[in-house]
Amino acid sequence: MFLEFGIKDIVDIVLVALMLYYVYRLMKESRSLNVFTGIMVFVLIWLFVSQVLEMRLMGSILDKLVSVGVIGLIVLFQEEIRKFLYNLGGHQRVQKTLRFFRGKETKRVDKTTIMPIVMACMSMSRNRVGALIVIERATPLDDIIETGERIDAQINQRLIENIFFKNSPLHDGAVIISKKRITAVCCILPVSHNHDIPRSLGLRHRAALGITQGSDAISVVVSEETGHISVAMNGEFQLRLSAEQLESILTKEMPK
């Protein structure tokens, strides 16, 4: 038996270990670690009863629970599974491979879409007005749009500033920009539970990061306390941006 243990088996064990570690980290970030631990304990009991003790009756009952439990796990962890598949498809090497087959794309910069956002953020930054703007890219944000008030307006600096004005009834929540239009306001975003977020960043920043962990959207945040402008993409922050840096990021990352 020992002589039959080869390179393929080592690779198999390493891949399983990496998969379990990734699932463990994902469950830890989503605060489902106790559920994951309970599932692992159940699997160990099932293997011990059916394979080691060879208890047929108990083993058959546990087999039925496992076969039905797979569907339950998909329902229970649908958000985590979606996030895993999104991260897999959005990995840098996967994207580079796709760009290689698609070929180089010439991207025209539309300053009429970008500059109103930049100018509005700079104005709100000077006046310490909090703001959260989410720009839809390839991943549809229909479920997020449904949580707010639908509008259909051109991207305008004054309109953005009026939406986030402190006495405005629509200043709470996020503005969603889709297809170069302001699609919805006062939208509710999923909050990130990442423990690495600095404590100086508030709930608005956690919401900005949360939407980018489950989609390819871009979030632009203006801090009400400090006036600093930040951008969240792919589950990561770029903090304390200048107007030039914000314009550069939006020029590069915004959809055509």
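**Sheet strands and a nonpolar patch**

Student: In strand 3, what is the bridge partner of Val 134?

Tutor: Ile 176 in strand 3 is the bridge partner of Val 134. This is a predicted model, where local features need pLDDT of at least 70, side-chain atom pairs count only at pLDDT 80 or more, and totals for chains, interfaces and linings use all residues. Residues are numbered from 1 along each chain as its sequence is written, and side-chain values use heavy atoms, with hydrogens and water left out.

Student: How do strand 1 and strand 3 run, parallel or antiparallel?

Tutor: Parallel, with three bridges joining strand 1 to strand 3 (residues 174–178). Strands pair here if DSSP finds at least two bridges between them. Strands are DSSP runs of E, at least two residues, and helices are runs of H or I, at least four, numbered from the N terminus.

Student: And which way do strand 1 and strand 5 pair?

Tutor: Antiparallel, over five bridges. Ile 135 has Ile 218 in strand 5 as its bridge partner.

Student: What holds paired strands together in general?

Tutor: Backbone hydrogen bonds, in parallel or antiparallel pairs.

Student: Why is strand 1 largely enclosed?

Tutor: Five of its five residues are buried, so strand 1 is largely enclosed by the rest of the structure. Buried means under 20% relative accessible area, exposed over 50%, partly exposed in between (1.4 Å probe, protein chains only).

Student: Which residues point which way from strand 1?

Tutor: Ala 131, Ile 133 and Ile 135 point one way. Leu 132 and Val 134 point the other way.

Student: What's the strand order in the open sheet?

Tutor: It has seven strands in the order 2-4-3-1-5-6-7, with mixed pairing. The edges are strand 2 (149–154) and strand 7 (236–238), each pairing on one side only.

Student: How does strand 2 pair with strand 4?

Tutor: In the antiparallel sense, over four bridges. Glu 149 stands opposite Val 185 in strand 4.

Student: New topic. Which residues form the nonpolar patch on the surface?

Tutor: Phe 42, Phe 48, Val 52, Leu 53, Met 55, Leu 57, Met 58, Ile 61 and Leu 65. Nonpolar side chains (Val, Leu, Ile, Met, Phe, Trp, Tyr) are joined within 5 Å, like charges within 9 Å.

Student: Which element gives the largest share of the nonpolar patch?

Tutor: Helix 3, with four residues.

Student: Leu 57: buried or exposed?

Tutor: Leu 57 lies in helix 3. Its relative accessibility is 67%, so Leu 57 counts as exposed.

Definitions and conventions:
Patch = residues over 30% accessible without salt bridge, like charges linked within 9 Å, V, L, I, M, F, W, Y side chains within 5 Å. Areas by Shrake-Rupley, 256 points an atom, 1.4 Å probe, with all protein chains shown as cover. Salt bridge = Lys/Arg side-chain N within 4 Å of Asp/Glu carboxyl O.
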